[in-house]
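Please keep the sequence and the model at hand while reading.

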Amino acid sequence: TAPLLQVEDLRVEFKTRRGKALVLNGVDFQIRGGETLCVVGESGCGKSMTALALLRLIPSPPGRISGGRVLFQGEDLVQADEARMHKVRGNRISMIFQEPMTSLNPVFKVGDQIGESLRLHAGLDAAAARARTIEMLQQVGIPAPERRVDEYPHQLSGGMRQRVMIAMALACRPDILIADEPTTALDVTVQAQIFDLLRDLQREKGTAILLITHDMGAVAEMADRVMVMYAGRVIEQGTTEQVLSHPGHPYTQGLIDCLPELGSSLQHERAELAEIRGVVPSIWELGSGCAFRERCPHAMARCAEQVPPMFATGEHGALATGDGTHRAACWLHAQDQMVAA
Ligand code: SF4
Ligand code: MG
């Protein structure tokens with residue numbers, strides 16, 4: 001079946017006083033209906049930028065999409081006009097952020113904020129929107145929704161606000177939910193509840209989820225497939241099992257090594273990508289070659305000369321082509337088959 005979303009060679013550049021900076025440098029991936037794709041990497045690797053670019057929310061100027069395609073059910077959103085994007089956002093593809101207080105309007109009741117989206121996108125009248133809002137609040141596990149619907153954001157806890165955001169994002173039954181670090185601001189118990197909720201809603205509604213996280217524990221728990229980003233590129237992709245059990249890129253290996261126990265205790269532990277030696281290079285320091293080479297324990301002469309293309313990691317997976325192929329952009333796999341992105 002055709003992917004729901006197919007991103008091809010997506011590029012985003014920012015104009016700065018030092019010149020043009022390519023913050024997304026040829027990003028390729030697909031999402032199929034109903035699956036969860038996790039995007040991982042340290043901050044500054046382009047995860048959030050990718051999400052914003054999909055929805056055409058890059059602040060412009062100074063940023064702009066400078067190349068590539070975002071095919072949503074076959075339609076290229078890069079070429080869509082603003083009226084069309086307005087319909088897509090919140091309706092077909094919706095997004096939740098890390099800190100719901102910045103996305104909820106403090107001066108409106110939470111029910112009115114969800115209701116407005118239902119009136120705008122689903123064409124419901126005020127009474128129907130209110131009824132549906134109460135139903136949504138109930139579904140995301142907010143107790144006494146008939147009362148909460150008339151409260152203001154500051155009257156809710158952080159976990160409740162994030163549930164409201166999820167209710168709002170799912171109100172119009174989007175095909176894709178983009179969740180950018182949705183639980184980072186929450187304590188671990190609430191985090192686990194939010195993940196349970198997302199999984200339940202996904203099972204019920206068939207929503208595809210693009211989950212952006214720096215937390216490998218969340219990946220192990222939530223992802224069907226994983227893509228790892230570094231310095232504005234996708235450097236590894238595969239199923240969760242492939243990527244976590246047989247990482248093909250030294251960066252991914254580093255992320256996994258930062259996790260003391262990738263296993264049963266994850267659910268209750270906030271495991272973060274902590275200590276890979278060195279830092280993500282700024283886009284000004286990339287130069288030629290592999291962007292990870294200064295931090296890589298396996299760097300070779302070739303790594304300084306040429307950017308590694310994507311290779312199918314032959315050892316562990318089938319060499320079948322398609323988005324199921326486990327692939328990594330690293331010269332260590334140079335003897336393996338090169339794959340298109
Ligand atoms: Fe390390 Fe070279 Fe692979 Fe880059 S291409 S990750 S520097 S071995
Ligand atoms: Mg981010």
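## Terms and basis

A residue is called buried if 20 or more other C-beta atoms lie within 10 Å of its own, exposed if 12 or fewer do, and partly exposed in between, with C-beta atoms placed from the backbone. Helices (H or I, at least four residues) and strands (E, at least two) are DSSP runs, numbered from the N terminus.

This is a predicted model, in which local features need pLDDT of at least 70 and side-chain atom pairs count only at pLDDT 80 or more, while totals for chains, interfaces and linings use all residues. Residues are numbered from 1 along each chain as its sequence is written, and chains are lettered from A and ligands numbered from 1 in the order in which they are written.

## The chain as a whole

The chain holds 12 helices and 12 strands. Of its 341 residues, 42% are buried. Two residues are in contact if their C-beta atoms, placed from the backbone, lie within 7 Å. Among contacts with a separation of 6 or more, 63% are between residues 24 or more positions apart.

## The eight-stranded sheet

Strands of a sheet pair through backbone hydrogen bonds, either parallel or antiparallel. Here, two strands are said to pair if DSSP finds at least two bridges between them. One open sheet has eight strands in the order β6-β7-β8-β3-β9-β10-β12-β11, with mixed pairing. Its edge strands are β6 and β11 (311–312), each of which pairs on one side only. Helix α11 (residues 250–257) lies across β3 (36–40), β9 (225–230) and β10 (233–239) and runs at about 105 degrees to β9. For such angles, axes are lines fitted to C-alpha atoms, for helices over the stretch in contact, and the angles run from 0 to 180 degrees between N-to-C directions.

## Strand β7 and its neighbours

Strand β7 (residues 176–180) has four of its five residues buried, so it is largely enclosed by the rest of the structure. Strand β6 (residues 93–96) runs parallel to β7 and is joined to it by four bridges. Ile93 has Ile176 of β7 as its bridge partner, and Ile96 stands opposite Ala179 in β7.

Strand β8 (residues 208–213) also pairs with β7 in the parallel sense, over five bridges. In this pairing Ala179 stands opposite Leu211 of β8. Together with helix α8 (residues 188–205), β7 and β8 make a right-handed β-α-β unit. Right-handed means that, with the strands pointing away from the viewer, the path from the first strand over the helix to the second runs clockwise.

## Helix α5

Helix α5 (residues 126–139) has 14 residues, which at 1.5 Å a residue should span 20 Å, and its end C-alpha atoms are 20 Å apart, which agrees. The expected span is 1.5 Å times one less than the number of residues.

Which residues of α5 are buried? They are Ala129, Thr133, Met136 and Leu137. Seen down the axis of α5, its buried residues fall within an arc of 95 degrees, so they line one face of the helix; the arc is that of the directions from the helix axis to the C-beta atoms. These buried residues pack against α4 (110–122), α6 (145–148) and α7 (158–170). The face turned away from the buried side carries the exposed residues Ala127 and Glu135. After α5 comes Gly141, with a positive phi near 80 degrees.

## The four-stranded sheet

A further open sheet has four strands in the order β2-β1-β4-β5, paired antiparallel. At its edges stand β2 and β5 (75–76), each with a single partner strand, so one side of each is left without a neighbour in the sheet. Strand β1 (residues 5–16) pairs with β2 over 10 bridges, and Arg11 stands opposite Asn25 in β2. Helix α1 (residues 47–54) lies across β1, β2 and β4, at about 75 degrees to β2.

Leu24 lies in strand β2 (residues 19–31) and is buried, with 27 other C-beta atoms within 10 Å. Beyond four places in sequence, the contacts of Leu24 include Leu10, Val12, Met49 and Ala53. The C-alpha atoms of Leu24 and Ala53 are separated by 9.3 Å, with the two residues 29 apart along the chain.

Ile65 belongs to strand β4 (residues 63–72) and counts as buried, with 20 C-beta neighbours inside 10 Å. Leaving out residues up to four places away in sequence, Ile65 touches Arg11, Val12, Ala53, Ile58 and Val78.
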